[in-house]
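This briefing goes through one structure by topic, starting with its domains. Please have the sequence and the 3D view open while reading.

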There are 2 protein chains.
Amino acid sequence: MPNIDELIAGVKNNDIQALARAISTVEDRRPGFEALLSGLHPDVGSAYRVGITGSPGVGKSTLIEQLVRAYRDTGLTVAVVAVDPTSPFTGGALLGDRIRMKTLSSDDGVFIRSMATRGAPGGLAMTTREVCDVLDAFGFERIIVETVGVGQSELAIAHTADTAVLVMMPESGDGVQLLKAGVMEIADAYVVNKGDRPGAEALMHEIRSMLDIRASIAADAAPIPAWNPPVLRTVAIEGEGIDEVREAIENHAIAMRESGLLEDRRRARLREHTREVVERAVVQALWQGTGAGERLAGGVEEVLSGERSPYDLANAIIADTLETSVD
Amino acid sequence: MPNIDELIAGVKNNDIQALARAISTVEDRRPGFEALLSGLHPDVGSAYRVGITGSPGVGKSTLIEQLVRAYRDTGLTVAVVAVDPTSPFTGGALLGDRIRMKTLSSDDGVFIRSMATRGAPGGLAMTTREVCDVLDAFGFERIIVETVGVGQSELAIAHTADTAVLVMMPESGDGVQLLKAGVMEIADAYVVNKGDRPGAEALMHEIRSMLDIRASIAADAAPIPAWNPPVLRTVAIEGEGIDEVREAIENHAIAMRESGLLEDRRRARLREHTREVVERAVVQALWQGTGAGERLAGGVEEVLSGERSPYDLANAIIADTLETSVD
């Protein structure tokens, strides 16, 4: 196990080996990962984070590969974190990182990392955020978080980003489904990829109509008054429309900064993250340091026999372990 | 707010109004919901729980409606809990409970309840389990938990059941995707619905091949040595194949009971549930009863300014609130 202080110094000194080890330490929750994140905390905050989500098969990987190139052409460094919360067993095999790796891996200004699913989706969102913190402290200027799917776990992960982009394609029935799933509520930009296929115009129109309806029924649906979420057309495999996506993200970043909303959102997220860190730590300390684990093991037989309920047992454990003023 | 003791007595006395109120109390985590569950705990354990999951559009709702009828024909009472974890905003509008309600609502032996998504997916699985506990204590003999989708949250919910059934349809590309998503790992029976469409035989063959491959590479993949997960064909809308599904579930229940695995799994789940109840309660007590909330509010400014990391703050809060022997 590498020394945590060495890892912190390595990440701050742009050591790519240290970066890879630091990410693994955080991702696998190895001993000292919290000390590592704590040491990097003062250096976190310069990177701009972009969440890109969409159903499997819409072409997210190709789009992101092209977007990374477009960013590199402007001189910015980019890290990509690919998360697949639907895949507990394959470890994210749906993500095309290996293909991207081949064409981008020789560039020091690009870093690509796949994250396998570990633990609960809530935990995955938290871990994703912490991995992005490491990349942020290392100095990457843009961090792209790629998630597969349109469920609640993807929503939680998209919320760790400053700008959320939703990718769709024609003829997939995505439009209506996504509105139903509530994913449409959170995107700051919409991309219709495979935009040379029949139905692209119709899908773009459908998305714009939904945005209009939403704007008319809920004034607070538009988080920045001056921001109208753009609906963009791309043919990622041909490189068409990519720069417009990059520009839309950068424009949103400017609007977020100038409105003060970026600062507000980041503060709200850091507050929420701190709360989660406290909860994770208190639960860990409960089981490891207080004898609550033994109390649970002893009490569970009574629960299993029906003599006692889980709720009674919980109350008894809490009464013994928390310095609490309630009873 | 109804008195908790009255609700407990009402549920035990088969009062359907009390049942509905008890479920709402648990679902919305209203004050006293833990006391309610605690009071019902001795009466939980007679119901057999069946999880039914699959992508939107495969015909789960129709299948379940027919399955409920098939169970009623054998004299068993059935409760259905429909959970839609993908839908944070619509509150489960994808679920066809209203249609089912129309045709089944006059039958006292049937109870149907939709659950909107609340909080994190982990929390939803826990709440689903607790709602099933209420229905179990009331006396329903079979409880069907319907979930939409094939992601990790659905897996967690399927794990709250004794028998897990996965529903697919031809020509949806589900087969390969589901294997990739790892959902195939957990089903005890597979149903190919809309089985009169082209491709039904091919999909059934594909599922059987996957099961064979899995059995050959992992001996422990089959939890009950004597149980080969059946692959069944239905045309739910015509009522075809429904009784075979019911029989497969009942056969699995018998195999689970006779092998002792039902008891083992239920014990493991109750142990895990107790652990979760303790964690939920300790986190709640932490914020409500210890002054940790004030500590967090005070410390968060230091975190936001970068003076202090969330991890430092967590350690300080824990040192002050947990009776711990570690430092």
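The domain assignment of chain A gives domain 1 (1-43) and domain 2 (45-259); such bounds come from an automatic or database domain assignment. This is a predicted model, in which local features need pLDDT of at least 70 and side-chain atom pairs count only at pLDDT 80 or more, while totals for chains, interfaces and linings use all residues. Residues are numbered from 1 along each chain as its sequence is written, and chains are lettered from A and ligands numbered from 1 in the order in which they are written.

**Where the domains of chain A meet**

- Eleven residues from domain 1 of chain A and ten residues from domain 2 of chain A make the contact; two residues are in contact if their C-beta atoms, placed from the backbone, lie within 7 Å.
- On the side of domain 1 of chain A that touches domain 2 of chain A, the elements giving two or more residues are α1 (4-12), α2 (16-27) and α3 (33-40) of chain A. Helices (H or I, at least four residues) and strands (E, at least two) are DSSP runs, numbered from the N terminus.
- With five residues, α2(A) gives the most to that side of domain 1 of chain A.
- By class, that side of domain 1 of chain A has seven nonpolar, one polar and three charged residues. Ala, Val, Leu, Ile, Met, Phe, Trp, Tyr, Cys and Pro count as nonpolar, Asp, Glu, Lys and Arg as charged, and the others, Gly among them, as polar.

**Chain A overall**

- Chain A has 13 helices and seven strands.
- Of its 327 residues, 48% count as buried. A residue is buried if 20 or more other C-beta atoms lie within 10 Å of its own, exposed if 12 or fewer, and partly exposed in between, with C-beta atoms placed from the backbone.
- Among contacts in chain A with a separation of 6 or more, 73% are between residues 24 or more positions apart.

**The sheet of chain A**

- Seven strands of chain A form an open sheet in the order β3-β2-β4-β1-β5-β6-β7, and the pairing is parallel. Two strands pair if DSSP finds at least two bridges between them.
- The edge strands are β3 (110-115) and β7 (231-233) of chain A, each pairing on one side only.
- On average, neighbouring strands of this sheet are turned by 20° against each other, direction ignored.
- Helix α4 (residues 60-73) of chain A packs on the sheet and touches β1 (48-54), β2, β3, β4 (142-148), β5 (163-168) and β6 (189-192) of chain A. The direction of α4 makes about 165° with that of β2(A); axes are lines fitted to C-alpha atoms, for helices over the stretch in contact, and angles run from 0 to 180 degrees between N-to-C directions.
- Strand β2 (residues 78-83) of chain A pairs with β3(A) in the parallel sense over six bridges. A:Val81 has A:Arg113 in β3(A) as its bridge partner.

**Strand β6 of chain B**

- Strand β6 (residues 189-192) of chain B is covered on both faces: B:Ala189 and B:Val191 on one side, and B:Tyr190 and B:Val192 on the other, are all buried.
- β6(B) pairs in the parallel sense with strand β5 (residues 163-168) of chain B over four bridges, and B:Val165 stands opposite B:Ala189.
- β6(B) also pairs in the parallel sense with strand β7 (residues 231-233) of chain B, over three bridges. The bridge partner of B:Val191 in β7(B) is B:Leu232.

**Core and buried helix residues**

- The largest nonpolar core has 172 residues, of which A:Val134 and B:Val134 touch the most other members. A nonpolar core is a set of buried Ala, Val, Leu, Ile, Met, Phe, Trp, Tyr and Cys residues joined through C-beta atoms within 7 Å.
- Not counting residues up to four places away in sequence, B:Val134 touches B:Val11, B:Leu19, B:Ala22, B:Ile23, B:Val26 and B:Leu40.
- Seven of the eight residues of α3(B) are buried, including B:Phe33, B:Glu34 and B:Leu40.
- B:Ile242 lies in helix α10 (residues 242-259) of chain B and is buried, with 24 other C-beta atoms within 10 Å.
- Leaving aside neighbours within four places in sequence, B:Ile242 is in contact with B:Gln66, B:Leu67, B:Ala70, B:Thr234 and B:Ala236.

**Positive phi angles**

- Most residues other than glycine have a negative phi.
- A:Lys194, not a glycine, has a positive phi of about 55°; A:Lys194 is in the loop between β6 and α9 (200-217) of chain A.
- B:Arg29, also not a glycine, has a positive phi of about 50° and sits in the loop between α2 (16-27) and α3 (33-40) of chain B.
- A:Lys194 is buried, with 24 other C-beta atoms within 10 Å, whereas B:Arg29 counts as partly exposed, with 16 C-beta neighbours inside 10 Å.
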